[in-house]
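Please open the model in your viewer and keep the selection panel at hand. The tour below moves from one selection to the next.

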Amino acid sequence: MWDGPPGIEPPASRLRRAVTGAGVACADLIVPPCCLSCRARTVAHGALCPACWSNVQFIRTPVCDVLGIPLPFEVGEPTVSAAAVAQPPAYERARAVAHFNGEMRALVHKFKYGDRQDLRSLFGRWLRDAGRDLLPDADVIVPVPLSRWRLLWRQFNQAAVLSRELSRQTGIPMDPLALKRTRATKSQVGMTRDQRRRNVAGAFELAEAGRKRLAGKNVMLVDDVITTGATVEACARVLKRAGVARVNVLALAMVTSEVLATA
């Protein structure tokens, strides 16, 4: 045990830090840090270059306290949008990192269809920041499930990967098997809001063991993109019927216009 003067770092600790720093420097020489999107040189691994970062349209306050959609002006207190008043969702609150356009759309597609697992850490940090008001109340993180056939085709569930990374960074436990998709649904690309709602109706259920694990809990439901909200709405209804206390939603991106993008 170090018994030197207080406030002075022990020699062994200084040596470990120096060795670690030297190792990182050597690794950076062998594999220089580069932008996760365009591969331009960056100052650190797992980041975007300034040009790509500036093309991510982050969703900042003011937002609707329920739907998480951007509002035109700040009023100094939590505000609920007309859309949330007209059609209150089954979940309590939703938040997303950015608009589903520009660089964020490109990054999501690289992750979702190009198996870019190196984006996980960055996405986890972004989700943690976007959900900073919701995460303190979360008891468990639950990903939106894929159908069995789509999972076999894609080899991974992007929502589960995001949930696992968020769990790792926050310490909130994840339950990837509680919620399941009971049937394959058609691709929702190009569907209207009503068509998406009908497409996912009855497509989810909570396993009996999941009911017991989640009863009375506050659930953080995670997905990659909120397009019309039909999928997270269907999941939230199933969770609420099973006795979940609260459901909040967190996503990487949100479609904030009436144009339904290729999410």
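Begin with the largest nonpolar core, which has 38 residues; select Leu48, Val97, Met104, Phe123, Trp126 and Met220, the residues with the most contacts inside this core. A nonpolar core here is a set of buried Ala, Val, Leu, Ile, Met, Phe, Trp, Tyr and Cys residues joined through side-chain atoms within 4.5 Å, and buried means under 20% relative accessible area with a 1.4 Å probe, protein chains only. Among the elements that each supply at least two residues are β1, α4 (102-113) and α5 (120-130), and α5 gives the largest share, five residues. Helices (H or I, at least four residues) and strands (E, at least two) are DSSP runs, numbered from the N terminus.

This is a predicted model, in which local features need pLDDT of at least 70 and side-chain atom pairs count only at pLDDT 80 or more, whereas totals for chains, interfaces and linings use all residues. Residues are numbered from 1 along each chain as its sequence is written, and side-chain values use heavy atoms, with hydrogens and water left out.

Next select Met104, which touches Val97, His99 and Trp126, among others, when residues up to four places away in sequence are not counted; contact means heavy atoms within 4.5 Å.

From there go to His99, in strand β1 (residues 93-99), which is buried, with a relative accessible area of 11%. Beyond its neighbours within four places in sequence, the contacts of His99 include Gln57, Pro70 and Met254.

Finally, select helix α10 (residues 230-241), where nine of the 12 residues are buried, including Glu233 and Cys235. Just after α10, Gly243 takes a positive phi of about 100 degrees.

Conventions:
Buried means under 20% relative accessible area, exposed over 50%, partly exposed in between (1.4 Å probe, protein chains only).
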